[in-house]
Amino acid sequence: MTDSYALIKVLQSQHGVSDFHVVVNMAENREEEQRTFQRLNAACEKFLGITLTFLGGIRQDKTMVEAVRRQTPLMQLDAKCKAGQDIFALALKIQRLRKQLMEEIENEPILKKPRFERIGITLDEYYTFSAYLET
């Protein structure tokens with residue numbers, strides 16, 4: 001959690017990023033995901049003045065360990081395991097969020113250039129990355 005806070009602090013203070021969607025990983029259960037997120041969010045609100053958005057979590061799962069050991073993609077090994085279900089749910093959320101944000105950017109041209117400059121990439125780099133994600 002300390003690394004997450006440090007990254008958020010740097011992105012906010014040095015690059016002007018203030019919109020963060022958090023994924024909690026390796027939690028034993030949903031309650032631990034929420035507690036972890038709430039602690040991180042409280043620190044960010046108190047010391048950075050920003051509120052984070054909880055995107056979801058990926059629960060700790062023995063199948064994940066096995067996938068790493070076998071060097072096999074988790075979703076190929078067992079897509080129905082807890083972590084696999086969580087990853088699938090997150091992928092759907094991210095897909096919906098991405099679609100929503102792209103519509104906002106298209107409807108508000110003023111957001112196009114400054115938003116990407118703040119995180120240190122050009123609009124061309126963003127579109128290249130977006131195209132990569134669609135493949």
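## Helix starts, strand pairing and helix packing

At the start of helix 3 (residues 62-70), a side-chain oxygen of D61 comes to within 2.8 Å of the backbone nitrogen of T63. This is a polar contact, meaning a pair of N or O atoms within 3.5 Å, where within protein one must be able to donate a hydrogen and the other to accept it, and residues adjacent in sequence count only if both atoms are side-chain atoms. The model is predicted, with local features needing pLDDT of at least 70 and side-chain atom pairs counting only at pLDDT 80 or more, while totals for chains, interfaces and linings use all residues. Residues are numbered from 1 along each chain as its sequence is written, and side-chain values use heavy atoms, leaving out hydrogens and water.

**Strands and crossover**
- Strand 1 (residues 21-27) and strand 2 (residues 53-59) run parallel and are joined by six bridges; strands pair if DSSP finds at least two bridges between them.
- V24 has G57 of strand 2 as its bridge partner.
- From strand 1 the chain passes through helix 2 (residues 30-48) to strand 2, in a right-handed β-α-β crossover (with the strands pointing away from the viewer, the path from the first strand over the helix to the second runs clockwise).
- Helices (H or I, at least four residues) and strands (E, at least two) are DSSP runs, numbered from the N terminus.

**Helix 1 against helix 2**
- The axes of helix 1 (residues 2-15) and helix 2 come within 11 Å and cross at roughly 35°; axes are lines fitted to C-alpha atoms, for helices over the stretch in contact, with angles from 0 to 180 degrees between N-to-C directions.
- S4, Y5, I8, K9 and Q12 of helix 1 meet L40, A43, C44, F47 and L48 of helix 2 (contact means heavy atoms within 4.5 Å).

**Positive phi**
- M26, in strand 1, is not a glycine, yet its phi is positive at about 65°.
- Q71 follows helix 3 with a positive phi near 55°.
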